[in-house]
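Subject: The structure I promised, with notes

Hi,

Here is the structure you asked to see. Have a look at it, and then read on for what turned up.

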Amino acid sequence: MNEISATSDLDALNAWYQTPFGRMLKAQVADALLSCLKPLPVNELLHLGVGGFDEVLAGQKDERMIFFTDMACQHLLAKEENTLPLREGSQECVVLLHGLDIAGDPHGVLREINRIMSVRGYLVIVGFNALSGWGWYRPFRNVYRWKRAMPWTLRFYSTGRLRDWLSLLGFDIRQARTLNFRPHVHKPKLLDNFRHIDTLGGLMLPFFGNVYILTAQKRAMPLTPVLNRKFRGSLLKPGLVEPGV
């Protein structure tokens, strides 16, 4: 995926969030993000990925100052680069909104975010859930008229796969949840009729919602490595006496 493709997908997803279903989902995602972000001990937040959420969240912030940076992310999401113009360890909290759904190289995106994050910093990821009803339908989308429609053209991931990727990068998972269990309809009346499905889905199938929100924290690495006892003697030169107490 090049920069043009990434930008095109971002624009298409932004437009999709303006549809009746998209506006309803945006409100749900915004509420869930607020509940995730409020307990975090951070003063600044970097927003990457799809736009349109800044105004929703900024209008409900508490006493903490939260700065939103709505970046186009072409260099981050393009498969060839995966770069951000930020110095290493400079960000204490990053929210990635559908960035992995669009990225040609999701591993490269996570590595770059890991580079710019400070020790014990927080990463909040929002994306489409591969284990949802939408995810199960996605392999068969070519049969229907939604072959090239959002969100079916994007990549869906499960929270289990993200747990594995983030663990390898040195993150601990603090929270994972899913939301929105409704079928993909756009008529306002039908959307309202299906609102009870969200309540039932959250109680009976909490990990199968259409959208996941995952919060992870970067681990603090030890400053000095601890040597294994069985190798200690081999590091001393012959003829030297081991130091005593």
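This is a predicted model: local features need pLDDT of at least 70, side-chain atom pairs count only at pLDDT 80 or more; totals for chains, interfaces and linings use all residues.

A word on terms before the results: a salt bridge here is a side-chain nitrogen of Lys or Arg within 4 Å of a carboxyl oxygen of Asp or Glu. By this rule the structure has four salt bridges, and I'll go through some of them below.

Residues are numbered from 1 along each chain as its sequence is written, and side-chain values use heavy atoms, with hydrogens and water left out.

**The overall picture**

The chain has eleven helices and five strands. Both are DSSP runs numbered from the N terminus (helices are H or I with at least four residues, strands are E with at least two). Of the 245 residues, 45% are buried. For that word I use under 20% relative accessible area, with exposed meaning over 50% and partly exposed in between (1.4 Å probe, protein chains only).

The accessible surface comes to about 13,600 Å², and carbon and sulfur atoms hold 57% of it. Those areas come from the Shrake-Rupley method with a 1.4 Å probe; for residues, only the protein chains shown count as cover. As for contacts (heavy atoms within 4.5 Å), take those with a separation of 6 or more: 77% of them join residues 24 or more positions apart.

Start with arginine 182, in the loop between β4 (171-179) and α9 (188-193). Its side chain meets that of aspartate 198 in a salt bridge of 2.6 Å, N to O. Because arginine 182 sits in that loop and aspartate 198 in helix α10, the pair ties together parts 16 residues apart in sequence. Both arginine 182 and aspartate 198 are buried; for arginine 182 the relative accessible area is 10%. Not counting residues up to four places away in sequence, arginine 182 also touches a number of others, including Phe21, Trp134, Leu191 and Asn210.

Next, arginine 219 and aspartate 172 meet through their side chains at 2.8 Å, N to O, in another salt bridge.

Glutamate 112 is buried, with a relative accessible area of 9%, whereas arginine 115 is partly exposed at 28%.

**Two buried spots**

Valine 29 belongs to helix α2 (residues 20-37) and is buried, with a relative accessible area of 0%. Leaving out residues up to four places away in sequence, its contacts are Tyr17, Phe53, Leu97, Val126, Leu179, Val211 and Ile213. Isoleucine 213 is 184 residues from valine 29 in sequence, yet their C-alpha atoms are 8.3 Å apart.

Leucine 162, in helix α8 (residues 159-169), is likewise buried at 0% relative accessible area. Beyond its neighbours within four places in sequence, leucine 162 is in contact with Leu100, Ile125, Tyr212 and Leu214.

**A patch on the surface**

Which residues make the nonpolar surface patch? They are Leu131, Trp136, Leu200, Leu203, Met204, Leu205, Phe207 and Phe208, and the patch covers about 880 Å². Helix α10 (residues 195-204) gives the most to the patch, with three residues. Methionine 204 lies in that helix and is exposed, with a relative accessible area of 63%.

**Cysteines**

How many disulfides does a search of the whole structure find? Zero, with a disulfide taken as a pair of cysteine sulfur atoms within 2.5 Å. Cysteine 36 is buried at 3% relative accessibility, and cysteine 93 is buried at 1%.

Cheers

Note on methods. Patches are made of residues with over 30% relative accessible area and no salt bridge: like charges are joined within 9 Å, nonpolar side chains (Val, Leu, Ile, Met, Phe, Trp, Tyr) within 5 Å.
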